[in-house]
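Let us walk through this model together, one step at a time. Keep the sequence and the 3D view side by side as you read.

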Amino acid sequence: MAGAGTSAREGLSDAAGPWSWVDFGLLAVRLYLGLHLIWYALVKIGEPADFLKALREYDILPRTAPWLMNGLAVVLPWIELLGGAALLLGVLRRGVPLVLLLMLATFTAAVAWRARELQQIEGLAGYCEVAFDCGCGAGVVAVCGKLLENGLLVALCALLLATGPGRWTAGWLLRKRA
Amino acid sequence: MLPVPGPTMSSTLTEAGLFCAAALAAGLAWNWLSPEGIRLEEDYRVAAPAAAGQPPAQTVAELIRELGYQTMSFEEVKDYAAVAQDPHNGILLLDARKAESFRQGHIPGAVMLDPYHLDDLLSEEMRQTIAEAVVVIIYCTGGDCEDSLLLAQRLVPAVVGVESVFLYVGGINEWREQGQALEKD
């Protein structure tokens with residue numbers, strides 16, 4: 001995360017100079033991440049009970065406070081949906097990538113942990129043989145592929161947190177039209 | 001190229017806080033307005049009291065055993081389903097899956113009663129029908145599905161006695177695999 005001074009990358013992506021591969025690259029990252037998050041969010045928002053069932057499998061919150069788990073099932077998809085929309089628009093330039101990074105990293109660790117448990121429960125020889133509904137919005141998935149996918153998403157969030165959204169944002173469009 | 005001041009830690013955290021507050025408000029509002037919304041204070045888990053020194057039940061089979069519910073095989077359910085459509089027989093089939101799955105296909109004569117929306121679905125008439133039934137067969141998807149168990153736990157003993165309740169563990173998956181007809185709404 002940048003400090004209070006100037007950021008060369010921030011300057012590069014906001015300046016009115018010629019377009020560069022960095023602009024295209026950051027736009028591609030935002031499109032991929034944003035659409036990915038919105039797609040999976042819509043699946044979960046439509047079926048909160050299904051998402052709650054998947055979340056419960058992790059057994060990460062105290063059983064004495066069901067409202068915590070229920071609340072998580074209600075709010076997390078909206079973090080994904082609004083986060084995806086913010087990435088597409090290029091607004092809340094660092095705050096959104098920070099929240100998404102923390103959320104995805106936490107869930108990636110939880111998926112890895114749960115897969116280890118399932119491997120032991122089911123007596124599977126290989127970790128990558130584990131497949132389960134991780135609550136990610138894609139149904140039953142092979143754990144190794146899911147961890148790789150989530151690792152990529154975490155890395156892309158970290159990139160946007162470090163660089164900002166790049167040149168082509170909703171704000172840039174409005175300034176250009178003004 | 002003019003340098004642009006980078007964001008400060010505090011502005012990033014402020015953005016993050018505003019964003020989380022917006023997501024919280026949107027999520028709660030949507031949950032309140034949506035017919036698929038869940039009750040935040042409700043405990044939707046199936047829980048069996050663990051015996052002293054024993055780990056808590058984890059699988060559906062362990063939970064059924066510890067909670068003392070009776071089960072039915074496919075053949076038994078098939079026989080009961082054949083007469084369940086006549087309300088005078090006292091046989092009731094309850095489908096504990098969500099409404100959309102029920103509409104796509106269910107055991108003929110079954111009634112949809114999603115335990116996640118029981119307060120909306122359990123009318124006084126339905127409560128009376130269940131209470132008067134001699135045999136109440138409850139099923140969901142099958143396999144690891146806990147919804148039939150959750151529904152049973154919410155109906156027994158307030159609405160019906162445990163002696164009348166039978167869980168069809170094979171569920172709709174086994175019913176379909178056995179080539180049985182499905183009714184669609």
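We begin with a definition: a residue is called buried if 20 or more other C-beta atoms lie within 10 Å of its own, exposed if 12 or fewer do, and partly exposed in between, with C-beta atoms placed from the backbone. Please keep in mind that this is a predicted model, in which local features need pLDDT of at least 70 and side-chain atom pairs count only at pLDDT 80 or more, while totals for chains, interfaces and linings use all residues. Residues are numbered from 1 along each chain as its sequence is written, and chains are lettered from A and ligands numbered from 1 in the order in which they are written.

Try the definition on A:L92, which sits in the loop between α4 (66–89) and α5 (95–122) of chain A. A:L92 has 22 other C-beta atoms within 10 Å, so it is buried. Its phi is near 50°, a positive value in a residue other than glycine. Most residues other than glycine have a negative phi, and most peptide bonds are trans.

Now turn to chain B, where the peptide bond between B:V156 and B:P157 is cis, with omega about 0°. You will find B:P157 in the loop between α7 (147–155) and β5 (165–168) of chain B. Helices (H or I, at least four residues) and strands (E, at least two) are DSSP runs, numbered from the N terminus.

How many helices and strands does chain B have? There are eight helices and five strands, and from the N terminus on they run α-α-β-α-β-α-β-α-α-β-α-β-α. The radius of gyration of chain B is 22 Å, well over the 16 Å from the globule rule for 185 residues, so the chain is more spread out than a compact globule. That radius is taken over C-alpha atoms, and the rule is 2.2 Å times the number of residues to the power 0.38. Chain B is divided into domain 1 (7–37) and domain 2 (60–177), with bounds from an automatic or database domain assignment. Their centres, taken over C-alpha atoms, are 38 Å apart.

Finally, look for the open sheet of five strands in chain B, with parallel pairing and the order β1-β5-β4-β2-β3. Two strands pair if DSSP finds at least two bridges between them. At the edges are β1 (70–71) and β3 (111–112) of chain B, each pairing on one side only. Strands β2 (residues 91–95) and β4 (residues 135–139) of chain B pair in the parallel sense over five bridges. Here B:L92 has B:V136 in β4(B) as its bridge partner.
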